[in-house]
Amino acid sequence: MMTRTSSVRSQVDPLSLALLPPPTETDSDRQARLRQEAEARRISEQIDEELKADRRKWERSKGDVKLLLLGQAESGKSTLQKQFQLMYSPSSIESERMSWRTVVYFNVVRSIKKILATLEVWDDIDDGTDSQSALERQELGNDEFSVLGPSKLGNRGLGPSASPTAPSPIATQPLEVVRTPTKASSIAELRLRLHCLVRTEPQLADRLSGGVSAAGSGNGEVFVRSGWQARTIQKGQDLVGKRQRRSLNPSSEPAKVGIAEQASERPPTSLSTLDTDPLIEEVASMLEQSQDDIRTLWEHSVVRALISKRKLKLDEWSEFFLNDIGRISARGYIPSTDDILHARIQTMGVSEHVFDVDVHGRTVTWHLYDVGGARGQRHTWVPYFDDANAIIFVSPISAFDQYLEEDPRTNRIDDSLQLFTQICSNQLLKRVHLVLFLNKTDILRKKLERGLRVSKYILSYGERPNEYEPVVNYFRAHFQQVHRRNNENRRVLYVHLTNVTDTSATQDIIANVRDSIFRGYLKSAALV
Ligand SMILES: Nc1nc2c(ncn2[C@@H]2O[C@H](COP(=O)(O)OP(=O)(O)OP(=O)(O)O)[C@@H](O)[C@H]2O)c(=O)[nH]1
Ligand SMILES: [Mg+2]
């Protein structure tokens, strides 16, 4: 059931009024009504499923290519999908460009909230009063503290891994104490001034999810279904048009992105107020006014120290946006393509994107299925297995020091290997063309350069050199081994090292993958 914040819900919305239960409703009436509503929902979902199955059968019969993007949460599937979109349907990226503003603002506000919450745990140690003694009392080097909370690592996949709370040589060094230079930049004051901005976070989340929450993530993340942009596309176009004073190419092909069954789940009127949406405009104006405070907080010596001691673990995209806060909080901000590629929002269920792909003079319709990778989302993948032609399995090999949001005991590389094992051994997928993206290689490089040791988290890595090539080879060998052990059909595994936020490199890889998928597809479809 959709819930909305009071700022969205019209005070006199006749439809809402009509749908309200009568004020005289008794407990038993209420029970009966809820039962009826649940039954109606069940029937409606069953019909939807049957329609989807019919549609997939029909599409298979007309020879379309079905490509599944699989992998754990945050592995980069949706980012890869955006690269396909940039390549095969650039006009659709244009038309939804402004709707990404909400996601970018949400990512920024959430990052600020996390920084402030972590500082609060440390009691605003340099609040401009007695920073040194407060800090010393806190003993920042104390390893019992972990921002992510206590957790223990599982002992699977790559062998025993170290606990995420295990003492780190970096963490035991005393934190350098730096007094705030001026009273104006004290954390307590920044917290106060940023309070209103931070308070918009749940409302932004509500805008994106339409009030729908999803199980499976475990950290209260915001999930969106495919088609969320559709609610704002027209308004977004208007805004881009107004701001850039350039019209979108009217002759360009209409975007084929998004799927009817999911886009239609929520009425387009519900949130289609982007250009006049008071919330988004208010957040934009708050950001503009607060940009100096945000920058001060982000560059604050204590925040820097917490980050370098890994007491504050921000998401990768936080850094990308906070480093560029001046541009993002400027009046008239329009998300760049790079911003869109870095913006983070979790996928819910399976979203379908349709492209016409030209390969050597032949046009074939491709259906790209981008799935939600969190554990609670994985059951939604199975209905798409039986007619898939190809899979790109995305594994973030930079995540050797990270644990699942939904299960903080499980190392993310371990989870990815287990998931890959399930995909390789699945009977429905035995004939599917298999491509593996070892992704986030740029982040892996940076982590290794910063001195993060793989063997601290993956004990089986042992004494091997803590350098990019050996690390990549080690992870690649494990994935290849999983594939070999589950490969009765002697199918080829195509492996690529990727950074899917790098457009030019990714587009070359996509072209390569497209050709190899297409060759296999032509053979199996006996079209050559
Ligand atoms: N630097 C860098 N960032 C990446 C890369 N791939 C993905 N990201 C970022 O990682 C975050 C998560 O990526 P998504 O594409 O949303 O992950 P997903 O696999 O779709 O996640 P779910 O929808 O939850 O299953 C985004 O902020 C991306 O910009 C990469 O290769 N390099
Ligand atoms: Mg996604």
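This is a predicted model: local features need pLDDT of at least 70, side-chain atom pairs count only at pLDDT 80 or more; totals for chains, interfaces and linings use all residues.
The unreviewed UniProt entry carries a "binding site" annotation that covers Leu 341, His 342, Ala 343, Arg 344, Ile 345, Gln 346, Thr 347, Asn 439, Lys 440, Thr 441 and Asp 442. These positions span 102 residues of sequence, and they are spread in space as well, with up to 22.8 Å between C-alpha atoms.

Leu 341 belongs to helix α15. Leu 341 counts as buried because 24 C-beta neighbours lie inside 10 Å, and the cut-off for that class is 20 or more. Setting aside neighbours within four places in sequence, Leu 341 is in contact with Thr 79, Lys 82 and Thr 501. Thr 441, in turn, is placed in helix α17. With 22 other C-beta atoms within 10 Å, Thr 441 is also buried. Its contacts, again leaving out neighbours within four places in sequence, are Ile 397, Leu 497, Thr 498 and Asn 499.

Thr 347 is the third, and the "binding site" annotation of the unreviewed UniProt entry covers this residue. Thr 347 sits in strand β3, which comprises residues 346–347. A count of 23 C-beta neighbours inside 10 Å is why Thr 347 is classed as buried. Beyond the neighbours within four places in sequence, Thr 347 is in contact with Ser 78, Phe 223, Asp 370, Val 371 and Gly 372.

Ligand 1 is surrounded by 25 residues, of which the closest are Gly 76, Ser 78, Thr 79, Thr 347 and Gly 373. At least two residues of this shell come from each of α3 (77–88), α13 (316–322), α15 (337–342), β3 and α17 (441–449). Helix α3 gives the most to the shell, with three residues. Sorted by class, the residues around ligand 1 are six nonpolar, 13 polar and six charged.

Turning to the fold as a whole, the protein has 20 helices and eight strands. Of its 528 residues, 41% are buried. Among contacts with a separation of 6 or more, 83% join residues 24 or more positions apart. The largest nonpolar core has 54 residues, and Leu 69, Ile 391 and Ile 392 have the most contacts inside it. Helix α16 (residues 412–425) gives the most to this core, contributing six residues. Apart from this core lies another, of 41 residues, including Ala 205, Ile 294, Val 302 and Ala 343. Ala 343 is also one of the residues under the "binding site" annotation. Within the model, Ile 392 touches Leu 67, Leu 69, Leu 80, Val 435, Phe 437 and Val 513, not counting residues up to four places away in sequence.

The mean pLDDT of the protein is 79, and 70% of its residues reach 70 or more. Over residues 127–157 the pLDDT stays under 50, and for these residues the model has 71 contacts beyond four places in sequence. Residues 231–274 likewise have a pLDDT below 50, with 77 contacts in the model beyond near neighbours in sequence. The scores for the model are ipTM 1.00 and pTM 0.75.

Definitions and conventions. Residues are numbered from 1 along each chain as its sequence is written. Chains are lettered from A and ligands numbered from 1 in the order in which they are written. Helices (H or I, at least four residues) and strands (E, at least two) are DSSP runs, numbered from the N terminus. A residue is buried if 20 or more other C-beta atoms lie within 10 Å of its own, exposed if 12 or fewer, and partly exposed in between; C-beta atoms are placed from the backbone. Two residues are in contact if their C-beta atoms, placed from the backbone, lie within 7 Å. A nonpolar core is a set of buried Ala, Val, Leu, Ile, Met, Phe, Trp, Tyr and Cys residues joined through C-beta atoms within 7 Å. UniProt positions are given in the numbering used here, feature names are shortened, and annotations may be inferred rather than shown by experiment. A residue is near a molecule or strand if its C-beta atom, placed from the backbone, lies within 6 Å of it. Ala, Val, Leu, Ile, Met, Phe, Trp, Tyr, Cys and Pro count as nonpolar, Asp, Glu, Lys and Arg as charged, and the others, Gly among them, as polar. pLDDT is the predictor's confidence in each residue, from 0 to 100.
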